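User: I would like to go through this model by question and answer. Please start once it is shown.

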Amino acid sequence: MPLGYSSDTIEHIEVQTQEYKPGDIGKIHPKRYEERMQDWDTVIFSYKDWEGWIESTFDVKTGHLWAGRGTNEYNDYQNLILIAGGAPNANELFDDCRALWHDDPIAIDPTPQPKDKRHYLDPRMELMRKIRQDDELTQVAHRIRPVRASADNPKKLILVHTMLIDGLVPDEIKEPQSYL
C-alpha cells in the first residue's frame, strides 16, 4: 500500500470502456453503489460526452478528462469514480513529438494503428500518448486528495477501466461481471 493510503481506498474494476456508449454506462457502473450514490459525496470523471447523462442519471457531480487542471474543486469529495482512460489530443501529441525529436532524421508519423485508432504506429507517438494518458489519470485520481484519507476523512477511488494508475495500488481488482 502506498504511503498515506488507508486500506479500502482504491478499487479497480477492469472494463474495456471504449466498447461502451454513454447509454451503456449502467452496464459498467457498479450496481451495488448505485442506490447509495446520493448519500455519498461522490464525483464521477468520464468522457466529456458522458457528463450530462451521468449527472441526470445518478444525480452526482461530474468532471471529464483533460479539463480542470490545477483545480481544488474536488478536494472535499469522499469518493471518485473514474470511468475511461481518455486519449490525449493527437495534434498536440504530434506537435510535442516533432519538438522533442526535431533532430531525428526519421519524421514523426502520426498514423494510428489500423486495429486500434487510440494507439500509434510510430513508437515515439505511442510513448508520448502513454505518458500523457498516465499523467492525466494520475491527476484525476488525486483530485479528491486520497493521500489525506484517514478514519475521520475516508476516501475511495473506484477505477473503472483496464489501466492501473502508477503509484496507486488497488485493494482489490474485480471483474465487471460481478457488478452486473
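User: Is Trp50 buried or exposed, and at what relative accessibility?

Analyst: The model is predicted, so local features need pLDDT of at least 70, side-chain atom pairs count only at pLDDT 80 or more, and totals for chains, interfaces and linings use all residues. Residues are numbered from 1 along each chain as its sequence is written, and side-chain values use heavy atoms, with hydrogens and water left out. Buried means under 20% relative accessible area, exposed over 50%, and partly exposed in between (1.4 Å probe, protein chains only). Trp50 therefore counts as buried, at 4%.

User: What geometry does the aromatic pair of Tyr47 and Trp50 have?

Analyst: Rings of Phe, Tyr and Trp (its six-membered ring) pair if their centres lie within 6.5 Å; planes under 30 degrees apart count as stacked, over 60 as edge-to-face and the rest as tilted. The structure holds 3 aromatic pairs. In the one formed by Tyr47 and Trp50, the centres are 5.2 Å apart and the planes make 75 degrees, which is edge-to-face.

User: Why is the pair of Tyr74 and Tyr77 called tilted?

Analyst: A pair of aromatic rings is described by the distance of the centres and the angle of the planes. For Tyr74 and Tyr77 the centres are 6.0 Å apart, and the pair is tilted because the planes stand at 45 degrees.

User: Which residues do ring pairs link into a cluster?

Analyst: Tyr74 and Tyr77 are both buried. Ring pairs join these two with a further residue, and the cluster consists of Tyr74, Tyr77 and Phe45.

User: In which helix does Asp134 lie?

Analyst: Helices (H or I, at least four residues) and strands (E, at least two) are DSSP runs, numbered from the N terminus. The chain has 5 helices and 6 strands, in the order β-α-α-β-α-β-β-α-α-β-β. Asp134 belongs to the run of residues 123-141, helix H5.

User: Which residues does Asp134 touch, not counting those up to four places away in sequence?

Analyst: Asp134 is buried, with a relative accessible area of 16%. Its C-alpha atom is separated by 7.6 Å from that of Asp166, 32 residues apart along the chain. Contact means heavy atoms within 4.5 Å, and the residues touched are Asp166 and Met163.

User: What share of the contacts in the chain with a separation of 6 or more comes from residues 24 or more positions apart?

Analyst: The chain has 180 residues, of which 44% count as buried. Among its contacts with a separation of 6 or more, the share from residues 24 or more positions apart is 68%.
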